[in-house]
Protein chains: 2
Amino acid sequence: MNPRMFWLFIVIVVVSFATEVQATDPLPSWNDGQTKQSILTFVEKVTTSGSPDFVPVAERIATFDNDGTLWSEQPMYFQLFFALDRVKILAPQHPEWKGKEPFASLLKGDVKATLAGGEKAILEIVMATHAGMTTTEFEKIVKSWIAAASHPKTGRRYTAMVFQPMLELLAFLQANDFKTFIVSGGGIEFMRPWTETVYGIPPEHVVGSSIKTKYEVRNGKPVITRLPELNFIDDKAGKPVGIHQHIGRIPIMAVGNSDGDFEMLDWATSGEGLRFGLLIHHTDDKREWAYDRDSHIGKLDRGLNEGPGRGWTIVSMKDDWKVIFPFEK
Amino acid sequence: MNPRMFWLFIVIVVVSFATEVQATDPLPSWNDGQTKQSILTFVEKVTTSGSPDFVPVAERIATFDNDGTLWSEQPMYFQLFFALDRVKILAPQHPEWKGKEPFASLLKGDVKATLAGGEKAILEIVMATHAGMTTTEFEKIVKSWIAAASHPKTGRRYTAMVFQPMLELLAFLQANDFKTFIVSGGGIEFMRPWTETVYGIPPEHVVGSSIKTKYEVRNGKPVITRLPELNFIDDKAGKPVGIHQHIGRIPIMAVGNSDGDFEMLDWATSGEGLRFGLLIHHTDDKREWAYDRDSHIGKLDRGLNEGPGRGWTIVSMKDDWKVIFPFEK
């Protein structure tokens with residue numbers, strides 16, 4: 001067989017195999033029912049050439065929230081565990097923290113008192129722990145932490161606490177030529193070091209909150225340093241703005257789990273043509289957590305009230321998902 | 001022939017055709033010589049599996065300046081012609097402009113006096129002409145203008161004044177699985193409506209200067225409105241910052257034409273592994289324009305002094321390019 005014939009043979013095998021795979025269930029961890037069917041129907045309609053709902057590949061943009069949508073967010077956002085661990089490491093260099101909130105409570109291990117200061121306290125912790133180094137140094141810090149830290153309740157790595165059905169949904173969309181983006185209130189530079197490995201989402205498809213940075217040349221070597229100054233909060237009405245800044249197109253599909261995602265879903269589903277809004281409702285207190293209208297983290301109230309009327313699909317984790325985490329399989 | 005065989009046949013034809021195309025010159029408008037060879041060698045090295053310089057597909061990021069790099073920028077940035085046309089259209093609603101600079105000079109047709117106010121004057125013109133509408137409305141305004149306006153010297157559409165050798169370079173990189181980004185001091189929303197058609201660069205691969213925007217719901221319909229407030233200037237030391245914000249990886253190749261691109265090339269070529277910096281030197285006063293160290297638009301001084309020592313390749317438009325514009329072919 002000459003080389004070109006060999007490669008043609010390989011192409012034939014791959015094409016045949018791909019045809020077989022497509023015939024099997026792309027969402028095996030989703031229970032059969034309305035929710036799963038609504039996803040399959042949407043993807044079929046927008047990808048079938050000649051369908052009145054067909055969407056060209058370039059416009060197949062899907063945006064996903066991260067905390068509570070792709071991985072868990074209880075008992076608090078995983079990035080806050082990262083920040084708390086950083087505070088402990090940095091404390092010896094900051095003797096003043098012993099008499100200064102929110103650091104004093106935090107160093108005593110009183111998380112509740114720490115977070116009593118609300119958003120302002122969280123912001124102070126983030127500024128103290130996420131700034132003051134180069135972007136390359138910060139990337140290394142995140143990578144070391146995510147490889148070693150474990151969740152206080154499950155004892156698992158945080159990246160093991162991603163949702164298996166969502167991994168399948170991401171892969172299914174990617175196989176159908178969707179560009180899948182993360183649009184999260186979490187820090188953009190906290191997510192980028194691991195989203196490609198965990199979700200198949202490259203750094204340039206991650207949109208998130210950020211602090212300001214500055215380019216400078218140190219000893220002849222250019223670096224970007226992280227400044228203790230807020231740049232952008234990618235939450236609530238900030239999500240459509242973040243999508244507009246980074247993507248420049250309106251997504252045809254948006255997936256979230258809290259009222260912080262309401263505006264993103266509203267923006268995505270208000271466009272012309274067929275659109276898909278999906279909200280993950282945390283209803284499983286045995287396998288994960290159950291919370292919604294009254295939760296301080298991931299509050300979902302308006303979405304439950306108005307989502308169905310807007311045609312959004314609500315996932316009940318308890319009823320719609322066979323497994324939650326990959327380690328359950 | 002059954003349907004699967006039919007598609008396999010199509011695949012075979014496409015693969016064979018692709019093999020033929022690859023064997024021909026990917027840069028036909030570039031004269032043979034050191035410059036062209038340096039590009040071909042770089043791309044071959046980073047894309048050849050097993051080569052010590054091999055770069056995985058995900059990391060093949062190339063960033064391009066726009067004004068003066070992908071299209072002309074004389075006698076002034078094309079976006080300024082757009083802004084000037086907008087001022088004329090909006091003037092009846094702004095009687096106060098008759099007594100107010102830079103608008104007064106502009107309405108008298110005195111471009112030189114208009115621009116005497118420097119960056120501040122330009123910013124005032126941009127804020128008056130680029131803000132106050134929704135993002136969808138602005139996109140329509142740009143699309144109408146770019147389809148109809150013509151350059152004062154050549155009489156051509158502005159999108160006809162792109163550089164044929166650069167179109168070939170973009171296509172060559174894209175065929176080699178590079179992600180090609182625009183990183184321009186120009187307005188991000190001024191470029192996005194036409195870069196996909198003209199350069200094959202989708203909106204999410206465009207990085208540029210921007211004004212602030214705001215999400216709001218008007219009569220039950222969400223819109224993003226453009227505010228007369230500066231958000232980000234993507235020029236000079238802003239370029240690596242813009243690259244970091246949007247892409248989150250250091251490019252392995254960067255292409256520019258002025259000292260506004262110096263930091264971008266420095267950032268890209270300072271990374272580990274094989275890197276490629278390319279500067280377009282405007283040396284052809286017959287077919288385009290000739291300018292460098294003393295030009296007010298597209299000044300290239302430090303790049304000419306320090307570029308070669310940093311291993312950057314300098315393109316002489318006069319000597320390296322067979323044709324400049326597609327319409328010359």
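**Exercise 1. A pair inside one helix**

Glu139(B) and Lys143(B) sit four residues apart in helix α7 (residues 135-148) of chain B, so about one helical turn separates them. Work out what links Glu139(B) with Lys143(B).

*Solution.* Start with the ground rules. This is a predicted model, where local features need pLDDT of at least 70 and side-chain atom pairs count only at pLDDT 80 or more, while totals for chains, interfaces and linings use all residues. Residues are numbered from 1 along each chain as its sequence is written, and side-chain values use heavy atoms, with hydrogens and water left out.

Next, the general idea: side chains of opposite charge can pair when their charged atoms come close. The cut-off for a salt bridge is a side-chain nitrogen of Lys or Arg within 4 Å of a carboxyl oxygen of Asp or Glu. Glu139(B) and Lys143(B) do form one, with their closest N and O atoms 3.4 Å apart. Over all chains, the structure holds 36 salt bridges.

As for the helix label, helices (H or I, at least four residues) and strands (E, at least two) are DSSP runs, numbered from the N terminus.

**Exercise 2. Two domains in chain A**

Describe how domain 1 of chain A meets domain 2 of chain A.

*Solution.* First, the bounds, which come from an automatic or database domain assignment: domain 1 covers 29-77 + 160-323, and domain 2 covers 83-148. Their C-alpha centres are 26 Å apart.

Second, the contacts (heavy atoms within 4.5 Å). Here 16 residues of domain 1 touch 17 residues of domain 2. The two domains bury about 1400 Å² between them, 79% of it on carbon and sulfur atoms. Buried area is the accessible area (1.4 Å probe) that two parts lose on being put together, summed over both.

Third, who supplies the domain 1 side? Elements giving two or more residues are α9 (188-199), β3 (206-218) and β4 (221-232) of chain A. Of these, β4(A) gives the most, with eight residues. By class, that side has 11 nonpolar, one polar and four charged residues. For the classes, Ala, Val, Leu, Ile, Met, Phe, Trp, Tyr, Cys and Pro count as nonpolar, Asp, Glu, Lys and Arg as charged, and the others, Gly among them, as polar.

**Exercise 3. Chain against chain**

Now take the interface of chain A and chain B, and find how many salt bridges cross it.

*Solution.* Begin with the extent: 41 residues of chain A are in contact with 41 residues of chain B. About 3600 Å² is buried between the chains, 56% of it on carbon and sulfur atoms.

Then the charges: six salt bridges cross this interface. One to look up is Glu204(B) with Arg249(A), whose closest N and O atoms lie 3.8 Å apart.

Notes:
Chains are lettered from A and ligands numbered from 1 in the order in which they are written.
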